[in-house]
Amino acid sequence: MDKRNYNAFQTAQAQFDKVAEILDLEQATRDLLRNPMREYHFSIPVAMDDGSVKVFRGFRVLHNDSRGPGKGGIRFHPQETVDTVRALSMWMTWKCAVVDIPLGGGKGGIICDPHGLSLREQERLCRGWVRQIAKTVGPLSDVPAPDVMTNAQHMLWMLDEYETIHGGKYPGFITGKPVGMGGSLGRTEATGYGVIFTVREALKEMGIRPEDTLASVQGFGNVAQYAIQLFQQLGGTVTTVSCWDQEDQRSYAFKRTKGIDLKELQSITDNFGGIDKKKATTLGYEILPGEAWIEQEVDILIPAAMENEINIDTVKKINRRVKIIAEGANGPTTLEADKYIKEHNIFLIPDFLANAGGVTCSYFEQVQCNMNYYWEKDEVLGKLDTKMTSAFIAVSELAKRKKLYMRDAAYVIAIDRVAQACKGRGWV
Ligand code: NAD
């Protein structure tokens with residue numbers, strides 16, 4: 001089955017329904033939490049450099065704000081759908097709850113391919129998105145952030161437009177801003193590092209030294225690159241990474257058995273996480289079909305690209321040596337593949353726990369903006385480690401105590417917190 005035929009929102013709802021049963025939630029709570037509370041769909045006309053006008057579709061979905069303002073990235077993607085945005089907003093609610101930060105879940109997107117847009121066109125697109133949604137997002141209601149194919153520069157253009165519309169300085173409107181313009185040190189590293197904080201704890205529980213492990217990573221963007229950096233600092237070896245090739249419109253894996261050289265690969269990678277194949281070949285990397293990342297004889301798999309990449313077709317290719325799957329991406333595993341992973345006793349660190357480092361650091365960014373006082377990088381990353389480690393331990397202890405699959409245990413903690421907040425407010 002083509003992975004584009006999997007619907008991420010159906011996956012998110014099915015995961016929720018399963019845990020609603022475990023928690024025996026009341027019907028009204030189920031009805032409230034299995035759908036977003038609000039969503040906006042809009043058109044964004046953009047003046048192109050050649051004088052024409054192109055109209056893009058944009059979305060912002062707020063799943064739940066019972067525990068605090070909505071929080072979630074905005075992504076640029078040519079295949080973006082509102083169902084993907086809905087799923088991602090729901091996963092943001094659970095993510096903020098599992099690491100226990102006072103935020104809800106939101107997500108945004110624009111159907112576009114920034115590869116084909118000049119910087120000025122991207123700026124006009126960012127400003128256009130904000131103009132459509134400026135009345136409903138904000139530091140006290142719903143706070144955007146970067147995601148796939150968006151970065152600190154996009155966030156700054158969005159902030160500038162928001163502040164122009166509202167006539168004041170509102171650095172807490174958006175996170176992932178450049179350092180020095182309200183951004184937090186450590187935000188760039190946060191998601192990837194957070195993934196590895198949880199991998200480190202999982203290895204500790206298994207009594208395995210990171211130095212004795214091999215990993216294969218899908219993707220070579222923000223999450224993947226910093227996950228690899230910290231994993232290598234812990235002594236682990238990454239043998240394979242993969243990425244999307246814009247020219248060929250397909251993915252490739254890059255393998256070097258003795259381990260990839262992160263800096264070397266970064267030097268031949270574009271801003272969107274695409275590695276130059278020709279240069280990689282010259283540097284001695286074996287170039288394989290993209291799917292090969294999952295078949296590698298390694299201990300740890302880190303999907304850090306897009307949704308539904310571990311599906312019924314690919315999951316059966318996982319090597320028997322694999323002990324841990326740490327989901328850096330959001331929703332990388334389909335329901336059938338998840339069942340397979342559970343049955344094969346692979347230790348899974350679910351997406352909304354593994355990749356919660358980004359939103360946790362975004363929360364730190366908001367705290368710093370509100371105080372107008374900024375912490376040193378070590379302080380940010382130290383606080384991040386504490387939050388991620390305690391969230392991991394809480395989930396893993398519940399999983400052991402109640403004999404639950406890690407994903408279900410994380411959901412039980414998160415959904416219970418959100419359900420209590422909705423009940424406490426008198427919503428249900
Ligand atoms: P990015 O745009 O920086 O990088 C994405 C990478 O995935 C690129 O290397 C791209 O080439 C690769 N890719 C895309 N499709 C692929 C495919 N079919 N096969 C192999 N590689 C493919 O994005 P990112 O910020 O690193 O985000 C990656 C994932 O992590 C997404 O699911 C995102 O939602 C999630 N996430 C990101 C953050 C964050 O802070 N950046 C936080 C939480 C979750």
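Mentor: Phe364 counts as buried, at 6% relative accessibility. The model is a predicted one, in which local features need pLDDT of at least 70 and side-chain atom pairs count only at pLDDT 80 or more, while totals for chains, interfaces and linings use all residues. Residues are numbered from 1 along each chain as its sequence is written, and side-chain values use heavy atoms, with hydrogens and water left out.

Trainee: What makes Phe364 buried?

Mentor: Buried means under 20% relative accessible area, exposed means over 50%, and partly exposed lies in between (1.4 Å probe, protein chains only). Phe364 has 6%, so the residue counts as buried. Tyr363, at 22%, is therefore partly exposed.

Trainee: Why is the pair of Phe16 and Trp94 called stacked?

Mentor: Rings of Phe, Tyr and Trp (its six-membered ring) pair if their centres lie within 6.5 Å; planes under 30 degrees apart count as stacked, over 60 as edge-to-face and the rest as tilted. By this rule there are 10 aromatic pairs. The ring centres of Phe16 and Trp94 are 5.9 Å apart and their planes stand at 5°, so this pair is stacked.

Trainee: How do you know that this pair ties together separate parts of the sequence?

Mentor: Phe16 lies in helix α1 (residues 8-23) and Trp94 in helix α3 (residues 82-98), so the pair joins parts that are 78 residues apart in sequence. Helices here are DSSP runs (H or I, at least four residues), as are strands (E, at least two), numbered from the N terminus. Phe16 is buried, with a relative accessible area of 0%, and Trp94 is buried at 0% as well.

Trainee: Why is the pair of Tyr363 and Phe364 called tilted?

Mentor: Their ring centres are 6.0 Å apart and their planes are at 40°, so the pair is tilted.

Trainee: What makes Arg86 a charge over the ring of Phe9?

Mentor: The rule asks that NZ of Lys or CZ of Arg be within 6 Å of the ring centre and within 35 degrees of the ring normal. The charged end of Arg86 sits 5.9 Å from the centre of the Phe9 ring. Lys383 lies over the face of Trp375, at 4.8 Å from the ring centre.
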